[in-house]
Every structure is written in structure tokens, then in C-alpha cells.
2 protein chains.
Amino acid sequence: MIGELPGIAVGQAFPNRRALHDAGVHRPLQAGICGTRQTGAESIVVSGGYADDEDYGVVIIYTGHGGRDPETQKQVAEQSLTDSGNAALVTSYLEGFPVRVVRGAQARSPHAPAEGYRYDGLFGIASFGSKMGVDGFRVWQFRLEAMSQPEKLSELDSQGDSPVAMEGASPRKFVATQRIVRNTGVARQVKAWHVDHCQVCGTRLVVPGGTYSEAAHIQALGAPHNGPDVVGNVLCLCPNCHVLFDAGALYLRDDLVVMAGESEVGPLRLDSRHQIRLEFVRSHRSRWRQ
Amino acid sequence: MIGELPGIAVGQAFPNRRALHDAGVHRPLQAGICGTRQTGAESIVVSGGYADDEDYGVVIIYTGHGGRDPETQKQVAEQSLTDSGNAALVTSYLEGFPVRVVRGAQARSPHAPAEGYRYDGLFGIASFGSKMGVDGFRVWQFRLEAMSQPEKLSELDSQGDSPVAMEGASPRKFVATQRIVRNTGVARQVKAWHVDHCQVCGTRLVVPGGTYSEAAHIQALGAPHNGPDVVGNVLCLCPNCHVLFDAGALYLRDDLVVMAGESEVGPLRLDSRHQIRLEFVRSHRSRWRQ
């Protein structure tokens, strides 16, 4: 399960990996990453196993899985994005999924608990990439940002880290945010049906470790439009067509032909499992057309 | 000036429009929107002049400017996005700029001050569109969300409004966020030089009221990459190429040819005012290539 777990509090202590497993906080007994490329990463354990990890509290530079000698704990081979755990983190990055973070006492950082393990809340993956690790082999690293403490991210920023101010914080410098794409379970379903192909232009963005698309609500969420979060109200679009659709540069006719102003762009790409409801199409169109 | 003003507190009271003007909080003495299509909207005053306004506290449905009879205050004509104030709000939507919100006592809402005017902080524009107004003419409306009170947006959500949970809140349902595009002054400069044309593919997204592009930091901001927010470290990209670049599906050679894996995509589109620094190009490339 992705996200917060009912009955589990941020800061809650667990004596060992078995207790984390039993509570469902982090299910594998040994692996540091729980998840697959298909599902994304549920949870990770930060426990000092990788020399390249860095822990700033609200920001963690987390080293991916693989390439370590089980005896010496040193890197003896390159890490790969085809590793299931690493691919899970890429999916979480692409989808914007939150990841449960558990810190273990073995981690060499002031943010580690004194003993056992501690659940430290949800983090988002802000970026990733590879680098030559301290042991001389390429490792993949993921920048995790705490989702529940944006004000502390802002403090970290003002302490000399680069701009990480997030919405909800009071940034010292002007850093605006834009294009927050909401990704619900419904959205995920629609994107899976279309295998990340844009329903307008057919584009599918392929990146190392995954593919990317966005879910666009046809009748917008929230007042004054109050569209619902149901599959009949969601399109799978590439980011470009999403911008155009949300700002009215693209709209749909009742026959599901995509229109730009008075011009026909072409038929919407359909999937028989994905029934689009005309009431939402009409609501969206009414925002832009008389 | 966009954003918070030094020395002005959220909740601060002002006796009249002249006092708002003198403090720089809202500069026009009569107009409800301060800004232009080019600059975006600095500030708005919510003062009950438009019958279609709705005020939920942390969410405001704000009616654009124009078409009112100055005597009766009723709509007597359609509103237009070519109106300078309305176009300013579209720019703020596209750029993700925060807008200062001032409420006046004349507004018929429980969120209005008892007398005079009150500065109520920064709001972001989540969506916009037009509808037939209560007076029988088309009006443009903008959904404003309070940026400083995400937890209250979440409460509003759970009270039956549609999902508006924002990053930093603890949403009751699982609503992940993704692709938060940061838009700094530096980013704005680079996008202006390229007039919103993508430096990789040339795409320029044209929407009613404006054009859209994104600023991509070449060497990523924040640890572990720690790229700076300077023009030599920023590209103007369409959202699709931005996703590809951030995830390593696109990278640059030292001769500024865009590469996808081992294939040449083509030369980066350049502007003589925009000097890209190779140290950042190399840093980005090193994340994806040995």
C-alpha cells in the first residue's frame, strides 16, 4: 500500500525489521526498497548500508540497490535501473508517489534513531541520477524530500542548500510553483489502460526506467467546476496536450473529435475499457465555447 | 512586485484603497486587478463587485474584469481575455505566480473584514474558464487557492469540496503530487529570451491569453547536484522535453547537440543573449552517461 498507513504515526518506533514487516510499514525483511517497477516504491529503509547516502533530515540522498559485496558491504559492481527496487523508485519519481521512509539506528547520521527503527513519514522523489560512488562503481541516487515538513525544507534552503522551497512554505526568495499534477488511483487506472499514450497526439514519453503521461480531469476538480475523480472524467495526455486542454486551447466535441478553436485536430484515441462521459466533455467545452 | 512585500503581514488592515496604494499592496485606486499580460497579476481586491464571485476562505472563485455597468454594477456585456487585468490573471496561471489577495468589507461573505480592507496573503490560480454569469453575460472566472494554508484546503476538501489537497498537507485520501515546476526570476528571463519556444523541439504552446514553456535547470537544484539558479544553467523547454531531460532521456554534448541515448536529435536552439555554461551541461550528462 502506497502512502500513510492507518494507525501508524510519524515517529513511531519499531524494535526490528520483523516488527516493521508485521505492521506493514516496510514489508521485506532484508531489502531496503519495497516495490516494483509496476507498482512504484511503497517504502525504503535508510540504515547506513551505502557509503554514498546523505541525510539532511528533511532531504535524503538515497543510494539505490545492488552491486554490494554482502560480506564487506562495499560496492563491487555498477548499479542498474533494471534492478526491481531502483526501477520502483523511478516509477515513484515519474508518478509523484509518496514513499514511506524508515530510518534505522545503523545509519551514520544525526537523524537516525538511537536504537531499532523509526517511521519518519512520507517523502517525495524530487530528482534522480547516477554518479561514480566512493567505492569506484556507478551508483544511482534519489533525492527524497519530506512532504510533511515544507517549512523545514525552506529553512534548509536558507542555510545554503539550493532552492527547495515548496508550496505551503514562506520562501525567503521568490520561488513560485506551477503545474501541480494530481495523481489519484483513478488517474493511474486511466494511464494504465492507455499505456501512457496521449489520447490526443499519441505521444508516449519513454525515459530510462519507465514511461510517462499525465491524467487530465475533463471537468476540473474543485469549485466552481466540481468535476468528480472518476475514470469517465479523466483523459491520459502527454504534458503538452495537458497544458493545452486545461487552458482551453483544446476541447472535445460530443463525437469525441479533438478541436483547437474551429479546427479539427482528429479523433480522440479511445480504449473500450475507458468510457468517457459526455456530461464532463460538455462541461469542459462550456468553459471555452459559447 | 510579485509575491510578499517586506513589512506587510498577512491579516494587516488598511482603511481604504489609498492606504493599500501607498503600501504597495494593491496599487490601482479603482481597478480590482493589478497587472498586465506581460507581468502577470500582482494583486487583486475581492470586494463584492461581481455577483458571480464565491468566497470559501482558502478558495476564492474570482470573476474577471469588464462588462459591468458602472451605475448598476450589473453585467451588461461579455468579458474578454484581452482585457489587461484578465490577461494578467491568465499569465499568473500559466507561470504559477502567487497573487496577493485583499478583501474589502463590501464583499458579501463571512470572510470579508468588518470594515476597510485586509491583506489576506498569497493565492495561486489553480484553474480558469468562462461561464454564463447570473446577469446573462459570459464572465471569466479564476479559482484561487491560498498558498499559506494548505491544511485548511485539505479540510475544505473533506467537507465535500472536490480534492484540493496540496503538498505539505496530510490529505485524507491519497492524492499524490508530481512535477512541481519551479519558476524563478532567472527562469522567467530565459523563457522570455526564447519567447516560450522549446530549445529542443521548437514547440511553443499557444493557449487563449498566452503562451507556455517551462524552465529546466540543467544541473539540478538541491543536493546532491547543487546546481545554481543562474541563466547559464537553465533551458527553455516544452513540458514534454522537460520530462525527458530531467529523467535523462535527453542530454547535451559539449557542442550543444541534443542526444537521446546514442542518437543525435539535433542542435539545441540558441539565442546569443543566453550563454549556456558547459560545466552544467557536463554535470547533467554525468548523471546519465559514463
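Trainee: What makes you say that strand β7 (residues 117-132) of chain A is largely enclosed by the rest of the structure?

Mentor: The count of buried residues: 14 of its 16 residues are buried, so β7(A) is largely enclosed. A residue is buried if 20 or more other C-beta atoms lie within 10 Å of its own, exposed if 12 or fewer, and partly exposed in between, with C-beta atoms placed from the backbone. This is a predicted model, where local features need pLDDT of at least 70, side-chain atom pairs count only at pLDDT 80 or more, and totals for chains, interfaces and linings use all residues. Residues are numbered from 1 along each chain as its sequence is written, while chains are lettered from A and ligands numbered from 1 in the order in which they are written.

Trainee: How do you know which strands pair with β7(A)?

Mentor: By counting bridges. Two strands pair if DSSP finds at least two bridges between them. The strands themselves are DSSP runs of E, at least two residues long, and helices are runs of H or I, at least four; both are numbered from the N terminus. Strand β1 (residues 13-14) of chain A has 2 bridges to β7(A), antiparallel. Strand β6 (residues 99-104) of chain A has 5, also antiparallel. Strand β8 (residues 138-146) of chain A has 9, again antiparallel.

Trainee: Which residues stand opposite each other in these pairs?

Mentor: Take Arg118(A) in β7(A). Ala13(A) is bridged to Arg118(A), and Arg103(A) stands opposite Arg118(A) as well. Towards β8(A), Phe123(A) has Ala146(A) as its bridge partner.

Trainee: What lies between β7(A) and β8(A)?

Mentor: A turn. The two strands form a hairpin with 5 residues between them. In that turn, Gly136(A) has a positive phi of about 90 degrees.

Trainee: Why is Val46(A) called buried?

Mentor: Val46(A) has 25 other C-beta atoms within 10 Å, so it counts as buried. It belongs to strand β3 (residues 40-46) of chain A.

Trainee: What does Val46(A) touch beyond its neighbours in sequence?

Mentor: Leaving aside neighbours within four places, its contacts include Ile60(A), Tyr62(A), Val101(A) and Arg103(A). Contact here means C-beta atoms, placed from the backbone, within 7 Å. Asp53(A), Asp55(A), Gly104(A) and Ala107(A) are also among its partners. Ala112(A), 66 residues away along the chain, has its C-alpha atom 8.5 Å from that of Val46(A).

Trainee: How much of chain A is buried?

Mentor: 50% of its 290 residues. The chain holds 6 helices and 17 strands. Of its contacts with a separation of 6 or more, 55% join residues 24 or more positions apart.

Trainee: Where are the domain bounds of chain A?

Mentor: Domain 1 spans 13-146 and domain 2 spans 185-286. Such bounds come from an automatic or database domain assignment. The C-alpha centres of the two domains lie 34 Å apart. Their contact takes 6 residues from domain 1 and 4 residues from domain 2.

Trainee: Why are β15 (251-252) and β17 (263-267) of chain A placed at the edges?

Mentor: They belong to an open antiparallel sheet of 3 strands, ordered β15-β16-β17. Each of the two has a single partner strand, so one side of each is left without a neighbour in the sheet. Strand β16 (residues 257-260) of chain A has 4 bridges to β17(A). One of them sets Val257(A) against Pro267(A).

Trainee: What is the angle between helix α5 (residues 239-246) of chain A and helix α5 (residues 239-246) of chain B?

Mentor: About 145 degrees, with the axes 6 Å apart. Axes are lines fitted to C-alpha atoms, for helices over the stretch in contact, and angles run from 0 to 180 degrees between N-to-C directions. Pro239(A), Asn240(A) and Val243(A) meet Pro239(B), Asn240(B) and Val243(B).

Terms used: Contact = placed C-beta atoms within 7 Å.
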